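Biologist: Hello! Could we go through this structure together, one question at a time?

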Amino acid sequence: MVLRAVVFDLDGVLALPSVFSALDRVAEELVLPSGFLNKAFNKEGLGGSTARLMRGEITYCQWVSLMEGDYRKYAEESGICLPKNFSVNQIFGKALLAKEINRPMLQAALALRKKGFTTGILTNNYLDDSTQRGHLAQLMGELRPHFDFLMESCQIGMAKPDPQIYRFMLDTLKASPNEVVFLDDVGANLKPARDLGVVTILARNTNTALQELEKVTGMQLLDTAAPLPTPCKPSDMSHGYVPIKPGVRLHFVELGSGPAVCLCHGFPESWFSWRYQIPALAQAGFRVLAVDMKGYGESSAPPEIEEYSMEVLCKDMVTFLDKLGISQAVFIGHDWGGMLVWNMALFYPERVRAVASLNTPFMPANPKVPLMEALKANPIFDYQLYFQEPGVAEAELEQNLNRTFKALFRSNDEGILNTRNVREAGGLLVSTPENPSLSKLMTEEDIQFYVQQFKKSGFRGPLNWYRNIDKNWKWSCKGVGRKILIPALMVVAEKDKVLLPEMTKHMEDWIPNLKRGYIKDCGHWTQIEKPNEVNEILTKWLKTDARDPPLVSML
């Protein structure tokens, strides 16, 4: 019979280090005999405190209380003198906090699932009521969405190596034993499964285990490119609406808990452009608010041009925070969203916990040179001059929304648009096919989401962002001389043909503590072209610079 399901243990397989290896290290630190902590951990077998914990009969804190006595009793019987500061709670708390996801193993599970295998987690787990319980919750929260089934001993009342739990696993999978592979790092947990006819792999070394898994599944699992992060689906998200003023509201989607992070998209996009980032940032411990910017999607799209000046848009975002009761948020923007977040940092630094921009540089206003004159002098920005006359670009871009988005959303090596000489050519899309091929960045479902969103209120609102050039310049001149001293990050995309990396060259003059990220071989649509790289840069920066803001200025 053909294999069709792969089940992974959590501790020691999907999460490292295992409790057993962590306990051996702690024993060494405490100058205790090798194996002492592990032997006492499971000393009484299926009738002991640990087995009761794993079956969910007691909670972690109850277990700690019992184990303090068990360890002291076992030490006395073994003639071992425990250190005065010996604490089960501290020992296990330290071991559990050290646990992190085993990325190569998770990547293998994702690859198997993508190829049609049913995947599951079968783990001896416990009801965690400790002060560190958030760590386990975060770990499980990140893993759970990537598997078809999660079978936790404490929730089903049976624990490995009890043979019952493997029958439960097969019933849950609706599979015969010889259709299932099970990986565990404990030999005793594999034997009952193997006795039933399940294919088993001892996973004490990740590479060795994956080599065995490759053999039995016939799939390449080692040295493969990292799969795309799992995007969020609009239908699975929590949607919110914030009234800004009469007739104007902002729509957003929300995920996660922790410090607030506002994601601000660019032109012509949607909150959906952050679909790969929202789950990753939420799993990193943040409350993510991805906004439909004014003029887009389910947010209001007033027709007046002045509604889209940078001054008004920033005031809208302050009201957005006020109405949600958020005193401060991290602001991350891309394209026009990047322009907005730099202005938030410049004009409302008290509301900005930290600021990051993808692609869009911070360029202080030059009071001597109007911004419109600067745009006219740079051929790259000719498309922005084409956008100035109300109604003209709207007619072109709204004529065939499928064509518009298939022509726009393309990777750096698939580009068919030219932003130069757009006025002379007579439009942005004139050189593009009537029915462009689908980019490797997008699915047909993705394209249709944008099409449906822009059917709501069209392109007038989004294009109005471009029609306040002079007004924005005059407002920006009020901030001349100010520096941005809050935590800040600039991420550039090597092959963005409009927002060129060299445009960020002198940013440290105005943002002296600026941190940087550089994404190779990436065009303009950074979040969807290189989502793994974006997520890695943002989560690392958020954890170091945005979780606990400094109490003093970084000047």
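Biologist: Which residues of H11 do Pro104, Met105, Ala108 and Leu112 in H6 meet?

Modeller: First, this is a predicted model, where local features need pLDDT of at least 70, side-chain atom pairs count only at pLDDT 80 or more, and totals for chains, interfaces and linings use all residues. Residues are numbered from 1 along each chain as its sequence is written, and side-chain values use heavy atoms, leaving out hydrogens and water. Contact means heavy atoms within 4.5 Å, and helices are DSSP runs of H or I with at least four residues, numbered from the N terminus. On the H11 side, the partners are Thr206, Ala209, Leu210, Leu213 and Thr217.

Biologist: How are H6 and H11 oriented to each other, roughly parallel or roughly perpendicular?

Modeller: Their axes, lines fitted to C-alpha atoms over the stretch in contact, lie 10 Å apart. The angle, taken from 0 to 180 degrees between N-to-C directions, is about 15 degrees. Angles under 35 degrees count as roughly parallel and 65 to 115 as roughly perpendicular, so H6 and H11 are roughly parallel.

Biologist: And how are H13 and H14 oriented to each other?

Modeller: H13 spans residues 310-324 and H14 spans residues 336-347. They pack at an angle of about 75 degrees, and therefore H13 and H14 are roughly perpendicular.

Biologist: Which residues of H14 make that contact?

Modeller: H13 brings Met310, Leu313, Cys314, Met317 and Val318. From H14 come Trp336, Met339, Leu340, Asn343 and Met344.

Biologist: What percentage of the protein chain counts as buried?

Modeller: Buried means under 20% relative accessible area, with a 1.4 Å probe and protein chains only. Of the 555 residues, the buried share is 56%.

Terms used. Helix = DSSP H or I, 4+ residues; strand = E, 2+ residues; numbered from the N terminus. Parallel < 35°, antiparallel > 145°, perpendicular 65-115°, else oblique. Buried < 20%, exposed > 50% of the residue type's maximum accessible area, 1.4 Å probe, protein only.
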